[in-house]
Amino acid sequence: MSQIKAARLRLDDDHSMQMSAPLIAVLVAHPRRRSFTVAMAQAFADAARAAGAGVVERDLYRLRFDPRLRAGEMPDHLGAAVRPDVERERAALAGVDIFAFFYPLWFNATPAIMKGYVDRVFGMDFGYTARRQGGNQPLLGGRKMVTFTSSGAPQDWVEQTGAWDSMQKHFDAHFAAVTGMEIIGHHNIGGVSGGMRKDVVDRHCAAVAARAGRIVSLYRRD
């Protein structure tokens, strides 16, 4: 085989891998830049890129995203319209195959800024259609969602108290049902505190990075 032909084949293979890799949105919510949540999100994003995926990073606190849904945005009246910040976010998320959410559990629930992001960005005309005969229709069918959270309480306590099941039903399952997304995992790390040793943080981040690699491998575009 000539060197030119071999080079062309390598280029074709690289192009094929790039085209088949999913586009992943990493959505992270934590007020501290140097936090366990942000470290997990960065480990995931870096590993996904290394595996060939396209990655869109949206750090909600650093973006200063406003989680408040305004009256003019509510889709219950004629003339409702999204604001420019939501238009920018929807443009940034266009074409995403997998949405990866990263946040701490506060009162065993999603932080307000992440809930507001879902309310405003994943609302009417992005996550689902306007109401028609038969009700609203999902617009994100075929997409996936995966969530990585942390809690100060141990995971067994979160489960035993019923908080884990309640949160998954209230947020994950309902969100996925309304938008048409498929849930491919919700991974919580319990017992997280400000005094965690670096080697423990590194171990958890390595596990998150490994999951990112598996997700990219499993959900390549065919």
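The structure is a predicted model, in which local features need pLDDT of at least 70 and side-chain atom pairs count only at pLDDT 80 or more, while totals for chains, interfaces and linings use all residues. Residues are numbered from 1 along each chain as its sequence is written, and side-chain values use heavy atoms, with hydrogens and water left out. Helices (H or I, at least four residues) and strands (E, at least two) are DSSP runs that are numbered from the N terminus. A residue is called buried under 20% relative accessible area, exposed over 50% and partly exposed in between, with a 1.4 Å probe and protein chains only.

- Strand β4, which covers residues 144-150, is mostly covered, since seven of its seven residues are buried.
- In a regular strand the side chains alternate between the two faces of the sheet.
- In β4, Lys144, Val146, Phe148 and Ser150 point one way, whereas Met145, Thr147 and Thr149 point the other way, and all are buried.
- Two strands pair if DSSP finds at least two bridges between them; β4 pairs in the parallel sense with strand β3 (residues 98-104) over seven bridges, and with strand β5 (residues 182-189), also in the parallel sense, over six bridges.

**Helices α3 and α4**

- The axes of helix α3 (residues 84-92) and helix α4 (residues 112-121) come within 10 Å and cross at roughly 85°, where axes are lines fitted to C-alpha atoms, for helices over the stretch in contact, and angles run from 0 to 180 degrees between N-to-C directions.
- Contact means heavy atoms within 4.5 Å, and here Asp85, Val86, Glu89 and Arg90 in α3 meet Tyr117, Arg120 and Val121 in α4.
- The residues of this contact divide into three nonpolar, no polar and four charged, where Ala, Val, Leu, Ile, Met, Phe, Trp, Tyr, Cys and Pro count as nonpolar, Asp, Glu, Lys and Arg as charged, and the others, Gly among them, as polar.

- Glu73 is found in the loop between β2 (54-59) and α3, and Glu73 is buried, with a relative accessible area of 8%.
- A polar atom of the Glu73 side chain lies 2.9 Å from the backbone nitrogen of Arg70.
- Leaving aside neighbours within four places in sequence, Glu73 is in contact with several residues, among them Val86 and Arg120.
- Tyr219, placed in the segment after α7 (198-218), is partly exposed, with a relative accessible area of 27%.
- Not counting residues up to four places away in sequence, Tyr219 touches Pro22, Ile98, Lys144 and Ile184; the C-alpha atoms of Tyr219 and Pro22 are separated by 6.6 Å, although these residues are 197 residues apart along the chain.

**Two loop residues with positive phi**

- Phe107, in the loop between β3 and α4, has a positive phi of about 55° although it is not a glycine, and Phe107 is exposed, with a relative accessible area of 86%.
- Asp125, in the loop between α4 and β4, has a positive phi of about 75° although it is not a glycine, and Asp125 counts as exposed at 58% relative accessibility.

Notes:
Polar contact = N/O pair within 3.5 Å; in protein donor to acceptor, adjacent residues only side chain to side chain.
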